[in-house]
Amino acid sequence: MVLFGGSGLIGRALARRLGRDRAVCTFRSRPVEGGIRYDALTADPATVLDQAGPASHALLLFANSDTRQCATDPEATRQVNVAANKRVIDALLARGIMPVFFSSDGVFDGEKGNYVEDDPVKPVMEYGKQKAEVERYLRERTDDFLILRPARVYGAAPGAGTMLDDWLQAVTEGHEIVCAHDTRFCPIDVDDLATLVTALVENDTRGVFHTGGPESATHWSLLKSLLDALDAEDRAPPLVLKSILDLADWEPRPLDTSLVSTKAYEKCGFVPADPESVIAAFARSAHAGQNAPAQRTSRHD
Ligand SMILES: NC(=O)c1ccc[n+]([C@@H]2O[C@H](COP(=O)([O-])OP(=O)(O)OC[C@H]3O[C@@H](n4cnc5c(N)ncnc54)[C@H](OP(=O)(O)O)[C@@H]3O)[C@@H](O)[C@H]2O)c1
């Protein structure tokens, strides 16, 4: 299996799950042991596939997921998120390798929430528009595809570089936390996402699958649970609660992108952990001092 963008948050979790024998990762700026250097703006994906050797599936994980950059520089970010993804898809289809495209819950407008796979996509933010365009491109070319729509990813293990690490650092250092109180989504633990993705690929599944966690949450509800679990009320950092519409006032934002992901759970026979369990496990590890140095935080919000 080839992981285009295997050096990121999700790619590293998948590589751990699959093992070095089964996963060939590409990286751009963060080297991965045994990985292949690949810059989507300059390199030919066919060269990566030649180097990687035979593969049944390729995971399209690479992206510029900084939603603010997508909005403020759509032309540059489209080069990576749209044009380069299309080139990889073409190269895969030419070789009979099944594309597994990592889309997002950001393809929805956030008006109704509890989205199922058949709900029409209607992105309101540029990042979601870019994801929706690649989804459409892929569907128009083949039926042999997997489109996965993860929700916001976090991790029970400190140091993965998710929002929980940012908040833990703020608590430890007493920094102010500015937190959105009104966006609802279904966060998923990164290792649980890796379990779902691996099972879907191993079962040779096709189609569109929502891959969020089992319960919806807001940034604020997650932060409150973390402060509780850390027993940090008495040393809580200064908190500023805001609407996402004020925090990200450069473009419209979807308010409720919660996903129904039971189709994936049933296919895989596995239900990811709920937010309370993920946060309790994170706090236990933090208390035990397992604060591995954080990876660079992904900018999905
Ligand atoms: N994390 C989430 O909460 C979340 C939620 C929904 C959907 N997704 C989607 O899932 C996918 C993986 O997410 P992630 O969190 O693992 O992302 P990430 O941590 O930001 O990693 C991005 C990956 O893309 C690579 N990359 C970036 N620009 C590139 C370029 N110009 N050429 C080649 N490679 C490039 C990075 O390489 P280097 O780091 O080596 O430079 C890295 O391997 C993305 O498509 C993202 O949009 C993520």
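This report describes a sheet and some of the helices in a predicted model.

## Basis

Local features need pLDDT of at least 70 and side-chain atom pairs count only at pLDDT 80 or more, while totals for chains, interfaces and linings use all residues of this predicted model. Residue numbers start from 1 along each chain as its sequence is written.

## The sheet

Helices (H or I, at least four residues) and strands (E, at least two) are DSSP runs, numbered from the N terminus. Seven strands form an open sheet in the order β3-β2-β1-β4-β5-β6-β11, with parallel pairing; two strands pair if DSSP finds at least two bridges between them. At the edges are β3 (36-37) and β11 (207-211), each of which pairs on one side only.

Strands β4 (residues 57-60) and β5 (residues 98-102) run parallel and are joined by four bridges. Opposite Leu60 stands Phe101 in β5.

## A helix on the sheet

Helix α4 (residues 74-95) lies across β1 (2-4), β4 and β5, and runs at about 175° to β4. Axes are lines fitted to C-alpha atoms, for helices over the stretch in contact, and angles run from 0 to 180 degrees between N-to-C directions.

## Two packed helices

Helix α8 (residues 219-229) packs against helix α11 (residues 275-287) at an angle of about 40°, with their axes 9 Å apart. Leu222, Ser225, Leu226 and Ala229 of α8 make the contact with Pro275, Glu276, Ile279, Ala280 and Ala283 of α11; two residues are in contact if their C-beta atoms, placed from the backbone, lie within 7 Å.
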